Amino acid sequence: MEPVTEGAAESAVTGGAVAEDVTALRHFNRYFTRRIGVLDDRYLGQDRPLGEARLLFEIAESGSGVSLRDLRVRLGLDAGYLSRMVRALEAQGMVRLSVHPGDSRLRTVEPTPAGRAEVAEQNRRADVLVSGLLQGLAPNQRRRLTDAMATAQRLLRLAAVTVTPVDARAPDARACLAAYAADLDARFPEGFDPSDLVGPEEVSGDAGAFLVAYEEGRPAGCGALRRTAPGVGEIKHVWVHPGARRLGLARRLLDGLEGEAAARGLTVVRLDTHAVLTEARAMYEASGYTEIPAYSDHVYAGHWFEKRLPRA
């Protein structure tokens with residue numbers, strides 16, 4: 001592939017990504033997949049291609065069984081393709097299919113002893129392969145590689161998250177708020193009363209917005225915006241699921257709420273936070289918020305912040 005010139009990189013944009021970045025990621029993918037043997041139809045020397053091997057691994061990792069729906073969402077597979085692979089594994093004696101005990105509409109799959117044995121061998125061979133790849137690196141180089149891969153995974157996870165406005169009455173919105181309330185109840189010395197949560201009518205339509213972040217189809221965070229005065233909005237309940245923290249998702253939600261505020265013609269957004277939430281205060285300050293005198297008598301507030309938005 002010909003190198004992308006500086007001018008072309010600046011003008012060629014795909015979905016917001018500069019062509020130079022797209023080329024770099026594709027180049028890395030091609031190199032890495034070749035080195036680990038993904039192109040071979042007998043992955044790791046076993047008698048199956050990568051797709052089946054990965055599916056069997058995911059089923060075995062689930063322990064006592066997993067629904068086909070969960071597998072489809074987790075792996076991003078077409079329902080028909082997933083069904084064909086599961087049937088093939090079943091015919092080979094690697095997995096067992098059954099009806100979900102709590103929902104007859106769902107099919108579940110679990111590994112057989114033979115399937116578990118194959119996954120154990122798959123893991124052994126993968127460890128040998130990766131150990132061989134790392135042999136040529138000094139200890140400090142291996143550490144640099146490990147750190148770089150952790151950063152890459154974190155950023156790719158963040159890139160795959162979608163932040164979407166939802167009806168504040170929707171089950172995902174209410175589930176996020178319930179988890180947010182439980183988190184605060186555990187962290188605040190005085191506990192947290194769920195009646196302090198915003199009502200759906202406060203963050204719907206012209207009054208405001210409610211955002212939910214989704215990772216692999218599951219809610220991973222939320223945030224709310226409500227109009228409090230002409231030109232002024234308040235950001236509430238920015239929360240991230242514990243499994244999705246340290247990705248930068250809270251900042252992504254904050255950016256999304258500011259975008260919603262600007263789209264509604266608001267020029268100022270405010271928020272408050274509890275004294276124990278030091279990490280929240282640090283994020284707000286890093287995001288351009290300035291601490292101001294109290295603008296409300298909110299019972300859980302210890303610090304108040306404000307940010308002026310550019311006019312849309």
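Predicted model: local features only at pLDDT ≥ 70, side-chain atom pairs only at ≥ 80, totals over all residues.
View 1. The side chain of H237 forms a polar contact of 3.3 Å with the side chain of Y180. Leaving aside residues up to four places away in sequence, H237 touches L177, Y180, D196, L197, V198, C222 and G223.

**View 2. The largest pocket.** The space in this pocket amounts to about 1900 Å³. Its lining comprises 39 residues, and F32, I36, R54, M149 and Q153 are the closest to the pocket centre. Two or more lining residues come from each of α2 (19-35), α3 (50-61), α4 (68-75), α6 (113-134) and α7 (139-160). Helix α7 contributes the most to the lining of the largest pocket, namely 9 residues. By residue class, the lining of the largest pocket consists of 25 nonpolar, 7 polar and 7 charged residues.

**View 3. The second largest pocket.** The volume of the second largest pocket is about 770 Å³. Among the 32 residues lining this pocket, V238, W239, L277, E279 and A280 lie nearest its centre. The elements supplying two or more residues to this lining are α8 (171-187), β9, α9 (249-263), β10 (268-273) and α10 (278-286). Strand β9 provides the largest share, 6 residues, of the lining of the second largest pocket. The lining of the second largest pocket contains 18 nonpolar, 5 polar and 9 charged residues.

Key: Residues numbered from 1 in each chain as written. Heavy atoms only, no water. Polar contact = N/O pair within 3.5 Å; in protein donor to acceptor, adjacent residues only side chain to side chain. Contact = heavy atoms within 4.5 Å. 1 Å grid on protein atoms, 1.4 Å probe; cavity = no way out; pocket = protein on both sides within 12 Å on 5 of 7 lines; lining within 4 Å. Points joined across faces, edges and corners; volume = space filled by probe spheres on them. Helix = DSSP H or I, 4+ residues; strand = E, 2+ residues; numbered from the N terminus. Nonpolar A, V, L, I, M, F, W, Y, C, P; charged D, E, K, R; others polar.
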